[in-house]
Amino acid sequence: MIQEPPPTVPTGDLAELVACPQCDLLHHVGNVSEDASSRCKRCGTVLFAPRTGAIERLVALALGALVLMVVAVSFPFLQMSASGFSSKASVFDTISAFTGGLMAPLSLATAAFIILLPVLRLCALIYAVGPLLFGRPPVPGAATSFRLASRLKPWSMAEIFMIGVAVALVKMMGMASIGFGTAFWAFGFLVILVTAMDAMMCERTIWRLLAKR
Amino acid sequence: MAVARKEVTGLTARAAGLVGCLHCGSVWPKDTSRCGLCGSALTSRRNASLQHVWAWWWAGAIFYIPANLYPMLRTSLFGQESSSTILGGVLELVKHGSWFVAFVVFFASIMIPVGKFIAIAYLATVIRRGGAIDSHSLHKLHEVVEFIGRWSMIDVFVVAVLSALVHLAFVVNIDPGVAAICFALSVVFTMLSALSFDPRIIYDVAEVRE
Ligand SMILES: [Zn+2]
Ligand SMILES: [Zn+2]
């Protein structure tokens with residue numbers, strides 16, 4: 001593995017500048033105050049949104065989501081019964097629905113989108129940001145893992161999966177009676193935690209925190 | 001959104017002989033190749049941006065065709081086989097009176113993908129042509145496309161859940177059809193298409209005009 005140098009801010013005057021990632025306009029950050037978000041003057045993109053206690057809440061939400069993910073994969077998700085027969089499905093069954101022949105790649109993709117990538121993203125976030133809670137300097141590889149976490153964001157689709165589940169339930173309504181398992185509620189709650197986490201996370205603020213000290 | 005639509009006469013990183021990081025926003029001397037703060041590769045503009053956008057766009061469009069023609073789901077009810085395409089699934093929901101859910105699926109599987117193909121093609125064409133553009137609206141359009149694209153995956157997950165759960169001996173069985181793969185690929189490719197678009201070039205075109 002290539003050893004990455006620890007994160008540093010640019011030297012001299014450049015440290016005072018930030019370029020809008022959407023339109024490239026330069027802004028001064030020297031006077032960005034605590035607890036005030038700043039937007040790009042031209043395109044309105046949020047540049048910094050520092051909030052007090054953001055790191056604590058971020059780590060708490062990520063940890064909570066991780067625990068719920070463990071529950072969600074170890075208990076039955078849904079069960080259906082009709083005409084005296086019944087079947088149960090866990091999240092893993094949902095994934096392995098596609099195994100066999102052509103469908104194997106799709107099963108892998110589903111596993112990646114709803115479990116593997118979200119878990120990887122949560123772990124990477126906790127690993128990179130967690131030590132900041134205790135006033136420690138960032139751990140080696142913190143930059144790599146936070147970068148990974150931010151690249152994974154569009155590909156973590158737990159919330160989209162839940163909407164898919166809702167649609168599937170409607171499609172099954174006439175066919176059978178449906179029971180909700182523990183994992184269903186765990187997954188639903190997880191989606192809420194992750195959504196709350198994404199809503200409060202400001203990537204650029206965290207990068208500056210990772211470089212300080 | 002209370003964003004003032006006035007043109008701001010500011011300096012861009014490129015005009016100042018600097019390069020800004022797309023991820024952490026920090027600013028570096030022009031020829032820096034890697035961001036010292038977050039480690040991302042730095043480019044003043046992603047030069048091949050539009051070529052990548054088009055390449056992924058075509059890949060997505062090509063897979064969207066079989067995704068609509070072939071069955072998403074194969075259902076066997078008391079030994080009777082039937083299959084439904086994306087549109088067929090929507091019509092079935094309508095027939096059962098589930099208007100709202102039919103709309104959700106229609107929106108996610110047909111309106112978003114088609115709208116996305118049109119929007120990205122429009123963005124890329126207008127940027128290439130240059131001339132008078134409304135950069136704020138184009139930027140908003142790109143933001144919407146980037147945000148909404150992943151929601152198309154809903155139908156793939158519907159197929160996954162149904163195929164996993166609905167296996168009741170001889171009563172009813174549901175299996176995925178080949179369109180599920182094509183559709184998932186199409187969504188991934190169009191997401192990559194939107195992600196490879198460098199929004200900074202929208203404002204470059206506007207600056208050239210001024
Ligand atoms: Zn901007
Ligand atoms: Zn950076």
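These legends walk through several close-up views of a predicted model.

**View 1. The two domains of chain A.** Start with how chain A is divided up: the domain assignment puts residues 14-48 in domain 1 and residues 54-212 in domain 2. Where they meet, nine residues of domain 1 of chain A are in contact with four residues of domain 2 of chain A.

View 2. Between them, domain 1 of chain A and domain 2 of chain A bury about 480 Å², and carbon and sulfur atoms account for 50% of that. Three residues to look for are Pro21(A), Leu47(A) and Phe48(A), which supply 62% of the area that domain 1 of chain A buries against domain 2 of chain A, more than any other three residues. How many salt bridges are there between domain 1 of chain A and domain 2 of chain A? The count is zero. What the rule does find across this interface is two residue pairs in polar contact, both at pLDDT 80 or more.

Now for the strands on the domain 1 side of chain A that touches domain 2 of chain A: β1 and β4 (46-48) of chain A each bring at least two residues to that side. β4(A) gives the most, with three residues. Sorted by class, that side of domain 1 of chain A has eight nonpolar residues, one polar and no charged ones.

View 3. Is Thr205(A) buried or exposed? Thr205(A) is buried, with a relative accessible area of 15%; that counts as buried because the cut-off is under 20%. Set aside the neighbours within four places in sequence, and Thr205(A) is in contact with Phe48(A), Ala49(A) and Pro50(A).

View 4. Over in chain B, the domain assignment gives domain 1 (12-44) and domain 2 (47-208). Taken over C-alpha atoms, the centres of domain 1 of chain B and domain 2 of chain B are 33 Å apart. Six residues of domain 1 of chain B are in contact with four residues of domain 2 of chain B. The two domains of chain B bury about 370 Å² between them, with 36% of it on carbon and sulfur atoms. In domain 1 of chain B, the residues that lose the most area to domain 2 of chain B are Thr12(B), Arg14(B) and Leu22(B), together 67% of what that side buries.

**View 5. A salt bridge in chain B.** What does Arg14(B) form a salt bridge with? The partner is Asp204(B), and the closest N and O atoms of the pair are 3.5 Å apart. The rule finds one salt bridge across the interface of domain 1 of chain B and domain 2 of chain B. Three residue pairs are in polar contact across that interface too, both residues at pLDDT 80 or more. On the side of domain 1 of chain B that touches domain 2 of chain B, the residues divide into one nonpolar, four polar and one charged.

Notes
Residues numbered from 1 in each chain as written. Chains lettered and ligands numbered in written order. Predicted model: local features only at pLDDT ≥ 70, side-chain atom pairs only at ≥ 80, totals over all residues. Heavy atoms only, no water. Domains from an automatic or database assignment. Contact = heavy atoms within 4.5 Å. Buried area = accessible area lost by both parts, 1.4 Å probe. Salt bridge = Lys/Arg side-chain N within 4 Å of Asp/Glu carboxyl O. Polar contact = N/O pair within 3.5 Å; in protein donor to acceptor, adjacent residues only side chain to side chain. Nonpolar A, V, L, I, M, F, W, Y, C, P; charged D, E, K, R; others polar. Helix = DSSP H or I, 4+ residues; strand = E, 2+ residues; numbered from the N terminus. Buried < 20%, exposed > 50% of the residue type's maximum accessible area, 1.4 Å probe, protein only.
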